[in-house]
Amino acid sequence: MKKIAVIGTGYVGLVTGTCLASLGHKVTCVDIDEKRISSLQDGHCPLHEPGLSPLMQSNLLENRLQFTTVLEEAVQGAEAIFIAVGTPENKDGSADLSYVKNAIENLSLYINDGTLIIIKSTVPPGTNQKVRSWMQARSERTFHVVSNPEFLREGSALNDFFYGDRIVIGSTDSKAGQFLEEIYSKLKTPRLLTDPLSAEMIKYASNAFLATKISFINEISSICEKLGGDIEQVAQGMGMDSRIGEQFLRAGIGFGGSCFPKDTKALVQVAKETAHPFNLLSTVMDVNERQKNLLIEKALKRYGSLKGKNVAVLGLAFKPNTDDIRESPAVSLIQRLQQLEANPTAYDPVVKSIPFCPVSDSIHEVLTGADFAMICTEWSSICDLSLDVYETTMKRAVLFDGRNCYAPEDFEGRNIEYHSVGRQAYEGLRENKKTHKH
Ligand code: UDX
């Protein structure tokens with residue numbers, strides 16, 4: 001059992017703190033946000049993350065997990081301090097390290113000799129070195145800074161913590177690395193011990209590679225649409241090659257979330273600073289921007305103008321099993337619909353409201369009277385919805401599916417027009433074709 005402090009109670013900090021407590025450590029999470037801390041102290045989990053709330057509450061009850069706003073209290077006697085503060089995007093796309101710097105400067109007032117600082121926040125390669133110099137400038141104490149990036153996916157973060165693919169430990173000091181190994185000793189996850197810069201790069205390169213896979217399959221899907229292939233079959237066939245792998249080959253309206261868009265941009269900036277432009281990755285981002293507009297393009301082609309159309313937007317979260325709408329393709333889709341003077345109304349099973357568009361938790365309500373529907377998130381409540389519902393609630397059922405939730409064959413004999421990604425459109429029953437335009 002180790003005594004651990006975690007600075008930052010955002011997504012990464014809260015999941016990491018809770019899971020470390022579940023491994024048997026005594027963890028204190030600290031944040032400057034008083035409201036957040038007092039609600040966490042009362043056992044309220046602010047995130048929609050499956051399994052997190054009960055785990056947090058049981059650790060609170062067992063006294064393994066504590067929350068405070070007082071940094072000194074959190075780090076007193078702590079053998080390891082995890083930095084899990086945000087690294088938002090600067091205007092030029094680079095990562096803003098001011099929260100990390102601030103945390104280190106505050107920490108410099110309280111550390112003891114030999115303190116172990118572990119960087120969990122996603123930071124550009126070279127940050128470990130910067131953290132060391134920030135600390136050295138303020139403190140005479142000896143300390144070690146280890147880079148230990150996280151690979152948690154929203155919606156499956158607990159599983160990813162306890163049964164991840166790898167634990168990456170970047171350290172210049174073998175003892176410090178060893179100590180971190182002890183913290184994770186209960187986990188059977190494979191370890192990779194490396195230098196700090198490589199550890200930092202592993203995180204960025206992994207996210208950039210996955211983003212590239214998505215933009216790649218999206219490019220193939222556009223060509224399939226033009227030539228007449230089926231992207232689902234193509235992705236399946238590609239994925240059967242173990243060198244390629246089947247994951248992250250789902251074509252759709254692009255990637256969103258707090259990591260991929262931000263980290264790809266930041267890596268492009270890092271590359272620029274080394275005078276080695278990462279053109280491939282810049283294109284990955286361009287493809288993703290274009291992909292976000294795909295359903296609108298299809299609707300414009302279908303209707304000519306979207307002015308005055310009532311649109312049911314199905315799904316707001318950037319992916320299922322989260323309430324996170326950061327960089328969600330659904331959000332840009334709604335904004336574009338509004339620019340085109342359409343009237344969007346959104347359904348999402350967990351996102352209850354957004355400032356610029358009405359939201360309902362009843363899919364029937366949103367579909368009723370809609371001119372067409374657009375699927376943005378593959379929630380099971382959307383993908384498992386009986387096609388009868390579209391037929392019975394909509395004026396003339398027209399569905400634009402941005403996540404390929406249905407198979408075109410499902411529509412055979414149905415009174416529904418179906419447009420999806422990287423596959424041919426199904427135009428509905430013959431008699432409806434006459435009323436196809438407007
Ligand atoms: C990602 C990384 O997977 C994780 O390791 C890292 O720590 C944080 O960033 P996350 O942002 O939670 O995790 O979501 P992820 O499941 O990776 O999906 C990201 C986006 O890509 C979503 O918008 C999703 O819809 C999209 N996506 C994913 C696709 O469009 N197609 C795919 O095949 C896979």
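Quick housekeeping before I go on. This is a predicted model, where local features need pLDDT of at least 70 and side-chain atom pairs count only at pLDDT 80 or more, while totals for chains, interfaces and linings use all residues. Numbering runs from 1 along each chain as its sequence is written.

Back to strand 2. Right-handed means that, with the strands pointing away from the viewer, the path from the first strand over the helix to the second runs clockwise. Strand 2 covers residues 26–30, and four of its five residues are buried, so it is largely enclosed by the rest of the structure. For burial, the count is other C-beta atoms within 10 Å of a residue's own, with C-beta atoms placed from the backbone: 20 or more is buried, 12 or fewer is exposed, and in between is partly exposed.

Now on to strand 6. Strand 5 (residues 115–119) pairs with strand 6 in the parallel sense, over five bridges, and Thr115 faces Phe143 there. Strand 5, helix 6 (residues 127–138) and strand 6 form a right-handed β-α-β unit. Strand 6 itself spans residues 143–147, and since four of the five are buried, it is largely enclosed by the rest of the structure.

Let's zoom out. The protein has 18 helices and 14 strands, and 44% of its 438 residues count as buried. The C-alpha atoms fill a box of roughly 80 × 50 × 40 Å along the principal axes. Why does the radius of gyration of 24 Å agree with a compact globule? Because a compact globule of 438 residues would come out near 22 Å. That radius is taken over C-alpha atoms, and the globule rule is 2.2 Å times the number of residues to the power 0.38. Of the contacts between residues at least 6 apart in sequence, 68% join residues at least 24 apart. A contact means C-beta atoms, placed from the backbone, within 7 Å.

Domains next. The assignment gives domain 1 (3–193), domain 2 (203–284) and domain 3 (293–433); such bounds come from an automatic or database domain assignment. The centres of domain 1 and domain 2, over C-alpha atoms, are 29 Å apart. Eleven residues from domain 1 and twelve residues from domain 2 take part in the contact.

Strand 9 and strand 12 run parallel and are joined by four bridges, with Val313 opposite Met374 in strand 12.

Helix 14 (residues 329–339) has a set of buried residues: Pro329, Ala330, Val331, Leu333, Ile334 and Leu337. What covers them includes helix 12, helix 13 (294–303), strand 9 (310–314), strand 10 (343–347) and strand 12 (372–375). After helix 14 comes Glu341, with a positive phi near 65°.

Most residues other than glycine have a negative phi. Asn63, though, has a positive one near 70°. Asn63 lies in the loop between helix 3 (52–61) and strand 3 (65–68). Buried or exposed, then, for Asn63? Exposed, because Asn63 has 9 other C-beta atoms within 10 Å. Ala275 is another, with a positive phi of about 60°, in the loop between helix 11 (260–273) and helix 12 (279–292). Ala275 is exposed as well, with 6 other C-beta atoms within 10 Å.

Terms used: Helix = DSSP H or I, 4+ residues; strand = E, 2+ residues; numbered from the N terminus. Contact = placed C-beta atoms within 7 Å. Pairing = 2+ DSSP bridges.
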